[in-house]
Amino acid sequence: MASPLATVVGPGSQPDGLVVEGSSGASRGLWRLALGAFLENRLALVGVVVILGMVLFCFVGPHLYHTDQVHTNLIDANLSPGPGHPLGTDDVGYDVLGRLMVGGQVSLEVGLGAALLSSVVGAAWGAAAGFAGGALDSVLMRVVDSIYAIPPILLVLLMGSMFAPRTWMFIVVISVVSWVPTARLVRGESLSIRVREYVDASRSMGARGGWTVLRHVIPNVIGTIIVQTTLQVANAILLLATLSYLGLGPPPPSTSWGGMLSGGLTYIYDGYWWQVYPAGIAIVVTVIAFSFVGDAARDAFDVRLQRR
Amino acid sequence: MASFLVRRLAQAVVVTVGVTLIVFVLIHLLPGGPARAILGPRATPAAIAHFNAVNDYNRSIPVQYALYLWRLVHGNLGYSYHYNATVAALLASNVPKSALLVGLAYALALVVAVPLGIYQAIRRNKAGDYVVTVFSFVGYAMPTFWVGMLLILGFAITWPFLPSEAPQGSSVGAILSQPQGLVLPVVTLAFVNFAMFSRFMRSSTIENLVQDYVRTARAKGVPPSRILLRHLLRNALSPIISMIGLSLPVVLSGAVVTETVFNYPGMGLLFWTAALKQDYPLMMGFTIVTAVATVVGSLVADLLYAVVDPRVRLG
């Protein structure tokens, strides 16, 4: 639903009312301000370090720590952590540490991919709606409302059970539900930007709609888009984990952190803690890291706006 | 107010039709069509042709959509092939039980998150604030199914004083007759909301603490506890009403997972079974019903917000 809360803007609501000043000319200084505020935030730095660490672990790790993540080995199943298997093995004999790396690749790829795709689609959709206004705006936003009205899990389950479980398919399916908040926020900001003088000025010099959106609207909402993208990575990783739990995740021999976690939980009563906690902690730590970065980015762009 | 209501109702209708359209398109994206999904990969062409003819799948797409809408407005949500019952009947028995779970979880999340958020705002950047912040971030970042399993492990296995399974009743009354079985599912689902509400309450209170009316009250010598309860609470709390409406889709998603973990006999469990059995009519029916619930929920939340906070102009 479009927010009808005309006069009172609630605190967690997005900075519709905030005015983003200027465009390209002064933007380097503004970017520097935002970057400065971001770097002052220690939690954000921790988040960035954790994310980089996770990326290195998952994508470089397998080149240093070689394990067979394709062929099952039932003789070595459910071994507790020890020599040769620092984090033990799972129920079909995969080395858990190595599995954490390949599962993490899928989780991170889907998380980042879905966040990027949904941000691009959401930003374009929202900017078009906000900038066009009128009937087109209404039509575009009712589409957004309709998708928002369907609980994300239902839509994802519905689509997940229809399509082949490939990484790019997960990216598409998760994006279908996660582009909606971005579209709403970007539309709200575009509405206020399109009536500014510099947009009028640009139009009076003959600029077309598409140019104005690309040159003036998008640069001014880029802060919101970056914040949303970061937070959506966290959401997408969690959504993929839920899908895996519900049995619609990546099929073996591929896996994701969520798949490892829910697989491990099957043996929770047997005390095979190494099949549960490494994957679970990887999810929690990564999601928190992305949330820290997203929150800090929001504060940083707020600072940029306040110091004007 | 009246014009707002009319416009919002009109929007709600449009959105609901939009949902049916999305759902309808999804049916037609099915590889091989619904016949293939229901009759299986080894169905003969004759069987498929017969199924399509009986179920009007051989008509043109716009006609099919019109038929679909026509049945929908007559309460015909389709027929579940897996349960061998109408979707409407399944809904009637399962939706109230899920509503109970979701309602209790909302209540618990609010009762815990509101005082904690206020506490955090007052003790801003002190140890207590950090502890609750860490707790709510971890709560947000933990997949719901893991939260549920950990609670089972802790409170049903290690210290066995709560049942690990939800009450298995066919009605709300039957479920309420075993309240101890409700504890763990409700706590699990409340976790979904707790993090969001406490963060929101914290920032809302912080924003209100620096308002002029708080300073005035303080200058007049109003005791801090009275400022908090009489002046600040109402102002800080009212935006959370719209938050409740907006968070409904996320909570209903959480309900699907929670019901699966605890085998709670609600619509989430039914939906999941439908997904596993490729029972598309059932999945579609539930999707439409939850979507309508969300639309109505957010409309009610907006109206309530205007009642609680007279500064809000509906427009």
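**Stop one: a covered helix**

Select M267(B), G268(B), L269(B), L270(B), F271(B), T273(B), A274(B) and A275(B): these are the buried residues of α12(B). Buried means under 20% relative accessible area, with a 1.4 Å probe and protein chains only. Helices here are DSSP runs of H or I, at least four residues, numbered from the N terminus. The helix spans residues 267-276 of chain B, and eight of its 10 residues are buried.

A quick note before you go on: this is a predicted model, where local features need pLDDT of at least 70 and side-chain atom pairs count only at pLDDT 80 or more, while totals for chains, interfaces and linings use all residues. Residues are numbered from 1 along each chain as its sequence is written, chains are lettered from A and ligands numbered from 1 in the order written, and side-chain values use heavy atoms, leaving out hydrogens and water.

Now show what covers those buried residues: the cover includes α6 (152-160) of chain A, plus α5 (87-122), α11 (224-262) and α13 (280-308) of chain B. After α12(B) comes Q278(B), with a positive phi near 55°.

**Stop two: a buried serine**

Jump to S244(A), in helix α9 (residues 209-245) of chain A. S244(A) is buried, at 10% relative accessible area. Show side chains, and you'll find a 3.2 Å polar contact between S244(A) and S256(A). A polar contact is a pair of N or O atoms within 3.5 Å; within protein, one must be able to donate a hydrogen and the other to accept it, and residues adjacent in sequence count only if both atoms are side-chain atoms.

Terms used:
Helix = DSSP H or I, 4+ residues; strand = E, 2+ residues; numbered from the N terminus. Buried < 20%, exposed > 50% of the residue type's maximum accessible area, 1.4 Å probe, protein only. Contact = heavy atoms within 4.5 Å.
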